[in-house]
Amino acid sequence: MFSYKNKFYKPDSLLKKLLKMDWLLLFLVLIICIIGVGALYSAGNGSLNPWAMNHLYKIILGFLIVLILSQLKIKLIMNFSVALYFFCIFCLIYVIYFGVGDVKRWIDLKYFFFQPSELAKVSIILLLAKFFTTYPNNSKNLLYNIFAILLVLIPGFLIINQPDLGTGSMLILLGFSIIFLNGLSWNIIFSVTLISLISLPIIWQNLLEYQKYRILVFINPELDTLGKGYQIIQSKIAIGSGGLFGKGFLTGSQSRLDFLPEKHTDFVYTLISEEMGFVGSISVLTLYFFINIILVREFLKEENFTNKILIFGVSFLIFLYVIFNIGMVTGLIPVVGAPLPFISNGGTSLITIFIGLGIIQSIRVSRNV
Amino acid sequence: MKNLTLNKNIHRRFFLLTTLKGISFGILSWRLFDLQVIENKKYDKLSKDNQFNFSLVVPERGEIYDRKGRVLAANRDAFSLYIKSSKNLNVEKILGKLSLITNLNEEDISNFKKRYINLNKKNINIFITDNLSQRDISKIAVRLHEFPEINFIMTKKRVYPQGAITSHLIGYTGKLTEKDLKRNKNLINFSNLRIGKYGLEKFFDNKLRGEFGRRREEVNARGKIITSNLYEKPNPGKNLKISVDLNIQSYALSRLQNVETQKIGLNEPETGSVVAMDVNTGEIICCVSSPNFNPNIFTRGIKSKEWKSLIDNKKAPLLNRAVSGLYPPGSTIKMAVALAALESGVISYDNKFFCNGVKEYGDMKFHCWHKYGHGNINLSQAIERSCDVFFYELGLKVGIEKIGLMLNKLGLSSNINLELNELRKGLVPSKKWKLDVKGTRWTPGETINASIGQGYMLSNPIELATMVARIANSEMAIEPTLLLNKTKKFGKLNINKNHLNYIKDAMSNVVNSEFGTAYKSKIRKQNFKMAGKTGTVQVVRITEDEREKGIIKNKDREWKKRDHALFVGYAPLIKPKYSICVIVEHGGSGSTTAAPIARDIMEKLLV
């Protein structure tokens, strides 16, 4: 530990710091971002407005955030983890009473809308890293784990309650995966799983018909062809009709004729698949896969426990976004509402992921090679 | 050491989670491959179903021309009025406003309302009417801004430039009905399609109609049409050229309708029919039926009042008398009876019978038209003067069966393949027919009646014209046709030429000998001389009492009870070209009414 402390006294030059950044990772992200601008240009029927230009600005902002965060010591960032967590909790409670939007998810900050649930994802990574570093190696202790789980569940349920099942469950999955990584004992995992499996039929038995139907529709939206099923059916039609090479840029009939809902946010991947075909859709998926491989390499290279947790957390966050989004638009998982990183035209979620990337860069730059 | 185990543990967990990620990426990739490559066809079809609406494009109906290329049925540009359906559309109000500007047909409105109620789609054009004059259209067009829901679509309208002249022959088209769909499985159910309902329009409907094209409309998720273009061109219907000569047709009609005979305050045209036929090809040159109707009223949508007056008219203007009017042929079949007798050898050219004006058979009396009889005459003279008693005797000698066979051979009650659905076969009675239909045995008295073409016997003008054509041709069993016939071969007639020549001479005498019944109607031009046979058909039986009192003259009788006037003939005598059949219903005698008409038309044909 002391060897690291020496580093504080010999700070790297700015150029050296910049060179230490993972430029390959940022290059891959840039490619995906450009694809995103193209897709949004198409979603706007061949126009930079209203989404493509807006997206471009957010990307520039995102890269600036990465640049700034990369210059900060990771320890410095970690110092804010607890404060950030409580700030998020506060905001999540604040939106219940003062939130804007149909489902009260956003805080109106005059110039833009801030969605605390997205920031909570980064904050949970930071907080758990902090918690597991401060109180290490108690993974077999039940109370210790329950406390960690509660740290995850509090913001998780606040978000689900908004209601935003997608973001909430993503946050919970993210938190649990970090707890699992830290070494949650298998005994606890098995017993919890067993209890849930046993109680599941009993709960099902006691549900009313309409509640059962709602759950069934949630699991298989195609039961409800006019409501949620409609989006999924149209999305599958769009993706499937894209074929191997797609219908061509700006010529996707499903999106152009408005059969696709939310084609600029949650269903932007559908638009890419329709217009660029399997070649396009698998390429985008591969780019995300490469990003994950780079982060796996980063994880294995990293020796510091805190940083390991942070790298894993960020990579799993990106992974969850991708799986939730593509799984949803291809009809593999229920419609939960999750944006596609770097491509969907969303505000806070985009910035959240860039903050994550900034943390990764900060770890790299802070590292003593 | 502790740190090491911790690291080992975390790496094991990390490996597990990374594997999970890899599997997830694999599943997503497979899903994309499955949707986009394996199931592509299915989704491509669904996408196209989403994207496009197809609507039918009506093909242009084929035109009909006479033998010289003059237009008998054609299409004219017209406008159809449509209303675009949407939610909260106040149809009543719009129609009310429209009818303030134009005269909307009540039936069109009620039909439209039916269509509107049965509608289940939104944002589609519903047909209101195509029955608007140019003035109506421009009136609406000027105020179109008041009717955002209304639009026009260019359509074609059937017109018959010759109007009533060719009414029965060409027929008319009408809206497709449920019945039509049941009858013809090949028809596409398209509300605005018009199909042939009568005449040639009906017979050649499939040929004239053509094939539908398709219009493809790109529709967005809210049902709004983005683009619209022709996807499959409609195949226009084939044009039809028929054998009729419009000049002759129109002349024949006016000549028939303007008979100045025994009219008593009847300002209506004569009822009857004229058929003229080429004796070598069977081509029908004119085919006239009176009274007639204007087929154009069916195009503009016949009003129920008009329809009712057509249907209720006792003279049945919708009936094509040339092919479906069945009349007793009367004396016009005497040639056939004579031929039957000659062929069966019961009589020779010189055999004579004595006519004293009446033939008594059992306790029945059969009168000759000539009250005092024709005296001692042979077969040729009997035809020339149309002696009835002679043929009573002849008929009894030959027998009904042989008369019937000869009549069939000459085309009566035979299966003629004419290009009109309205054709009704005539009736040549036989012993078997009597037993089957009437349930009683044939009597010799009925043979006597049949041998002068009265009694049960019925025939239509086409059959009679065919009969004369076959006699005139002498070689082939000519069949009538309404198409230009260049290739069709006919069967042999198989009647002794000498007999036929003898009969033809007799027919010539009917017109050209001063004792002939149609002598007054002879054609004087040497090369165009006509042969023929008159017929006067009793409509009501004359009782013996009436005969005693003296027969009331035709013109003094009620119109309905007057005789039908018939004439069949051919010309010229050498190398005959045309045969003709004229029937004037209740027109009096064949010689005074029908023969002059035939003469005039024949002159027109030959000159």
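A residue is counted as buried if 20 or more other C-beta atoms lie within 10 Å of its own, and by this criterion buried residues make up 41% of the 607 residues in chain B. The legends below describe a predicted model.

**Figure 1. Chain B as a whole, with its 23 helices and 19 strands.** The C-alpha atoms of this chain fill a box of roughly 150 × 60 × 50 Å along the principal axes. A compact globule of 607 residues would have a radius of gyration near 25 Å, whereas the value for chain B is 36 Å. Of the contacts in chain B with a separation of 6 or more, 74% are accounted for by residues 24 or more positions apart.

**Figure 2. Chain A as a whole, with its 16 helices and two strands.** The radius of gyration of chain A is 21 Å, close to the 21 Å that the globule rule gives for 369 residues, and chain A is therefore as compact as a globular protein of that length. Its C-alpha atoms fill a box of roughly 60 × 55 × 40 Å, taken along the principal axes. Buried residues make up 46% of the 369 residues in this chain, and among its contacts between residues at least 6 apart in sequence, 70% join residues at least 24 apart.

**Figure 3. The contact between chain B and chain A, formed by 33 residues of chain B and 37 residues of chain A.** On the side of chain B that touches chain A, α1 (2-38) and α2 (40-51) of chain B each supply at least two residues. The helix α1(B) gives the most to this side, with 19 residues. Sorted by class, the side of chain B that touches chain A has 14 nonpolar, 10 polar and nine charged residues.

**Figure 4. The two assigned domains of chain B, domain 1 (54-241) and domain 2 (247-606).** The centres of domain 1 and domain 2 of chain B, taken over C-alpha atoms, are separated by 44 Å. The contact takes 26 residues from domain 1 of chain B and 22 residues from domain 2 of chain B. On the domain 1 side of this contact, at least two residues each are supplied by α4 (106-117), β5 (150-159), α6 (167-170), β6 (172-175) and α8 (199-203) of chain B. The residues on that side of domain 1 divide into nine nonpolar, 10 polar and seven charged.

**Figure 5. The open, antiparallel sheet of five strands in chain B, in the order β12-β11-β19-β18-β17.** The strands β12 (284-290) and β17 (531-537) of chain B stand at the edges, each with a single partner strand, so one side of each is left without a neighbour in the sheet. Neighbouring strands of this sheet are turned by 5° against each other on average, direction ignored. At one end of the order, β17(B) and strand β18 (residues 564-571) of chain B pair in the antiparallel sense over seven bridges, and the bridge partner of Val537(B) in β18(B) is His564(B).

**Figure 6. Two helices of chain B that lie across strands of the five-stranded sheet.** Helix α10 (residues 246-257) of chain B lies across β11 (272-278) and β12 of chain B, and runs at about 35° to β12(B). Helix α21 (residues 497-512) of chain B lies across β17 and β18 of chain B, and its direction makes an angle of about 70° with β17(B).

**Figure 7. The open, antiparallel sheet of three strands in chain B, in the order β1-β8-β9.** Here β1 (52-57) and β9 (225-232) of chain B are the edge strands, each with a single partner strand, so one side of each is left without a neighbour in the sheet. The twist averages 25° from one strand to the next. Strand β8 (residues 213-219) of chain B is joined to β9(B) by six bridges, and the two run antiparallel; in β9(B), Ser228(B) is the bridge partner of Glu217(B).

**Figure 8. Strand β13 (residues 352-355) of chain B, with a covered and an uncovered face.** In a regular strand the side chains alternate between the two faces of the sheet. In β13(B), Phe353(B) and Cys355(B) form the covered face, whereas Lys352(B) and Phe354(B) form the uncovered one. This strand pairs in the antiparallel sense with strand β16 (residues 375-378) of chain B over four bridges, and Phe353(B), from the covered face, stands opposite Ile377(B) in β16(B).

Methods
Residues numbered from 1 in each chain as written. Chains lettered and ligands numbered in written order. Predicted model: local features only at pLDDT ≥ 70, side-chain atom pairs only at ≥ 80, totals over all residues. Pairing = 2+ DSSP bridges. Axes fitted to C-alpha atoms, helices over the stretch in contact; angles between N-to-C directions. Contact = placed C-beta atoms within 7 Å. Nonpolar A, V, L, I, M, F, W, Y, C, P; charged D, E, K, R; others polar. Rg over C-alpha atoms; globule rule 2.2 N^0.38 Å. Buried ≥ 20, exposed ≤ 12 C-beta atoms within 10 Å, placed from the backbone. Domains from an automatic or database assignment.
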